[in-house]
Amino acid sequence: MGVLSVLLADDQALMRTGFRLILEAEPDIAVVAEAGDGAEAVALAREHRPDLVIMDVRMPRMDGITATRALAGPGVADPIPVLILTTFDLDEYVYEALRAGASGFLLKDVPCDRLVDGVRVVASGDALLAPTVTRRLIHRFTRHAPVRTDTDAVAALTPREREVLVLMARGLSNAEIAAELVLGSTTVKTHVGRVLMKLGLRDRVQAVVFAYEHGLVHPEAASW
């Protein structure tokens with residue numbers, strides 16, 4: 001992979017400047033544009049087609065959820081990966097942003113190395129889902145949500161694929177799933193791919209949201 005192009009969307013200019021300085025200190029990352037609101041972020045993303053958009057949630061004119069849905073939501077033919085920014089107290093809108101197609105999220109006070117790693121992870125096509133705080137966020141905003149009853153998609157999974165989906169929802173990595181099920185890492189990767197394909201999901205973030213919304217895993221099953 002060559003130089004990664006990034007668009008920064010945040011209504012605080014100081015925040016954008018800080019992230020730009022951190023990212024452009026890396027030889028393989030370039031910030032191609034900055035946006036001060038969601039509408040500008042959508043327009044600039046469509047113009048520049050960056051490898052990744054780092055998106056704040058609360059912005060004027062158009063919020064980060066609406067902007068994320070426009071860039072990466074269901075039905076978008078050529079989606080652009082979106083990494084959501086939130087505050088430490090877990091912005092209540094982030095769960096909706098994940099449902100809208102975001103590939104993960106970072107805290108606004110994230111250490112520099114975590115920000116850089118997160119950009120590389122999401123730009124490579126993976127979902128940024130490992131941090132414990134992500135599981136806390138999903139638990140918090142699905143705890144009281146009604147369980148969906150459209151079980152046809154779940155029924156299409158084999159017992160092993162369902163096991164893999166549940167372990168993904170508990171926050172386990174592929175290596176941890178392999179150890180839990182006594183499988184090879186390549187086999188686990190294949191199962192994950194089949195789960196995503198059968199359920200029509202883009203990445204692990206969407207798989208986790210799906211598992212909670214369909215009652216396949218519950219907050220008490222968390223591994224934090």
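**Arg170.** I began with Arg170, which is partly exposed at a relative accessible area of 24%. For my notes, buried means under 20% relative accessible area, exposed over 50% and partly exposed in between, with a 1.4 Å probe and protein chains only. Arg170 sits in the loop between helix H8 (159-169) and H9. I then checked Val208: 38 residues separate it from Arg170 in sequence, yet their C-alpha atoms are 8.0 Å apart.

**Ground rules.** This is a predicted model, in which local features need pLDDT of at least 70 and side-chain atom pairs count only at pLDDT 80 or more, while totals for chains, interfaces and linings use all residues. Residues are numbered from 1 along each chain as its sequence is written, and side-chain values use heavy atoms, with hydrogens and water left out. Helices (H or I, at least four residues) and strands (E, at least two) are DSSP runs, numbered from the N terminus.

**Lys108.** Next I looked up Lys108, in the loop between strand E5 (105-107) and helix H5 (112-123). Lys108 counts as buried, because its relative accessibility is 17%. Its side chain makes a polar contact of 3.3 Å with that of Asp10, and I found another of 3.3 Å to the side chain of Asp56. A polar contact here is a pair of N or O atoms within 3.5 Å; within protein, one must be able to donate a hydrogen and the other to accept it, and residues adjacent in sequence count only if both atoms are side-chain atoms. Leaving aside neighbours within four places in sequence, I listed contacts (heavy atoms within 4.5 Å) of Lys108 that include Gln12, Met15, Phe19 and Leu85.

**Helix H3.** Which residues of H3 (residues 64-72) are buried? I noted Gly64, Ile65, Ala67, Thr68, Leu71 and Ala72. They lie on the same side of H3, because they cover an arc of only 160 degrees around the axis, taken from the directions from the helix axis to the C-beta atoms. Their cover includes helix H2 (38-48), strand E3 (52-56), strand E4 (82-86) and helix H4 (94-99). At the N-terminal end, Asp63 caps H3, with a side-chain oxygen 2.9 Å from the backbone nitrogen of Ile65.

**H9 and H10.** Last, I looked at who meets whom: Asn174, Ile177 and Ala178 in H9 meet Ser185, Val188, Lys189 and Val192 in H10.
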